[in-house]
Protein chains: 2
Amino acid sequence: MTTLVEYLKNEFSFSLDITEKIASSFKEITLEKGAYFLKEGEYCNKIGFVENGAMLYFMNLDGEEKVCDFGFEKDWVTHIKSMIGGIPTDMNIRALETTKIKWISGEKLEQITKEFPQINQLRVKLSEQYFVQSAERANELANLSAEQRYKKLVAEKPELLTKVPQYYLASYLGIKPQSLSRIRAKK
Amino acid sequence: MTTLVEYLKNEFSFSLDITEKIASSFKEITLEKGAYFLKEGEYCNKIGFVENGAMLYFMNLDGEEKVCDFGFEKDWVTHIKSMIGGIPTDMNIRALETTKIKWISGEKLEQITKEFPQINQLRVKLSEQYFVQSAERANELANLSAEQRYKKLVAEKPELLTKVPQYYLASYLGIKPQSLSRIRAKK
């Protein structure tokens, strides 16, 4: 478990005073397994910080649910495309297990950013980090074989293997579940 | 052709005065076809704005050059992972044709951001935009068929088809060149 206050202090070296003021602008929600943080069709207007638990991003494609992303402890969850584009989201963000989230609305975030411009550093750093991650994922999907992608995931994010059911992992890796079973059986 | 000054004024509504001060911190370079903006192994410490022309991002994988990204007019080019991580880049960024770029070093960017904190808005907006784009690319690679990916690219970025040789497109789409030929022949 990592509280938002601990995270802001450790990762961004904000003073305790500012950290507590920022954190107090967030609300708390506990989602039970399967509960939604965001539903397809909604206009996303919030950003959440996962204090503990695990979230899954799903997309409906041709009637099938595909896993697009995960959010674990210390991750931020939102659908930026819907937020910055002002368009309905095409994602579902659901709890994979009981998950505690601190969240803030878009308007409130703008408001406290005016009060504490340091938050812009945080936004730049985070969006650059998430950009790097998704660009890597795209390059791996375009250029690595299914087996190479699986091995890289095992090496870099071993916690995924214990937390996430295999059919969700297969979807995230762009691999058919039966192919993933074959790859895992090889080892 | 879109100059950096025009871009900053139009996209970010900065005043002409501030726009010109920011733009004057950039240097200009013209790259001939094939010339490098960034080479594998270098520490990336610059960000460029493409005023006109076209840039390609390559990665060497198992001795093969794979295309990871493009940078066209009004795009920013850099390797953020190398820049924020302080690690050598694994990319080559080369000109696909004669390309005019305005660029700024990391240090200079930090310095003018202190002077003009408005630049943080620009950085937030850009990194969020690029994050959305690469997340979409990853989701398409994981979940759409080769033919669906090609059709989406044709619909959304028709300029790629005229500017970029087919074998580079195939690499970007994660499709074998001969499969892309088959898909194109179908139409």
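This is a predicted model: local features need pLDDT of at least 70, side-chain atom pairs count only at pLDDT 80 or more; totals for chains, interfaces and linings use all residues.
## A tour of the two-chain model

Start with both chains on screen, each in its own colour.

Stop 1: Superpose chain B on chain A: a rotation of 180° does it, with 0.0 Å of shift along the axis and an RMSD of 0.0 Å. The two copies are thus related as by a two-fold rotation axis.

**Stop 2: where the chains touch.** Now select the contacts between the chains: 26 residues of chain B meet 26 residues of chain A. On the chain B side, at least two residues each come from β4 (54–61), β5 (64–72), α3 (80–85) and α5 (118–143). Which of these supplies the largest share? Select α5(B), which brings 16 residues to the side of chain B that touches chain A. Colour that side by residue type and you will find 15 nonpolar, six polar and five charged residues.

**Stop 3: the sheet with β4 and β5.** Stay in chain B and show the open sheet of four strands ordered β2-β7-β4-β5, paired antiparallel. At its edges are β2 (36–38) and β5 of chain B, each with a single partner strand, so one side of each has no neighbour in the sheet. Look across the strands: neighbours are turned by 30° against each other on average, direction ignored. Then zoom in on β4(B) and β7 (residues 91–95) of chain B, antiparallel strands joined by five bridges. Here B:F58 sits opposite B:N92 of β7(B).

**Stop 4: the other sheet to visit.** Next, pick out the chain B strands in the order β1-β8-β3-β6, another open, antiparallel sheet of four. Its edge strands are β1 (27–31) and β6 (76–77) of chain B; each has a single partner strand, so one side of each is left without a neighbour in the sheet. Two bridges pair β3 (residues 46–52) of chain B with β6(B), again in the antiparallel sense, and B:G48 stands opposite B:V77 in β6(B).

**Stop 5: the core.** Finally, show the largest nonpolar core, which has 84 residues. Which members touch the most others? Select A:M55 and B:M55. Leaving aside residues up to four places away in sequence, A:M55 touches A:F37, A:V50, A:F70, A:G71, A:V77, A:I93, A:R94, A:A95, A:L96 and A:T99.

Notes. Residues are numbered from 1 along each chain as its sequence is written. Chains are lettered from A and ligands numbered from 1 in the order in which they are written. Two residues are in contact if their C-beta atoms, placed from the backbone, lie within 7 Å. Ala, Val, Leu, Ile, Met, Phe, Trp, Tyr, Cys and Pro count as nonpolar, Asp, Glu, Lys and Arg as charged, and the others, Gly among them, as polar. A nonpolar core is a set of buried Ala, Val, Leu, Ile, Met, Phe, Trp, Tyr and Cys residues joined through C-beta atoms within 7 Å. A residue is buried if 20 or more other C-beta atoms lie within 10 Å of its own, exposed if 12 or fewer, and partly exposed in between; C-beta atoms are placed from the backbone. Two strands pair if DSSP finds at least two bridges between them. Axes are lines fitted to C-alpha atoms, for helices over the stretch in contact, and angles run from 0 to 180 degrees between N-to-C directions. Copies are superposed by least squares on the C-alpha atoms of residues with pLDDT of at least 70 in both.
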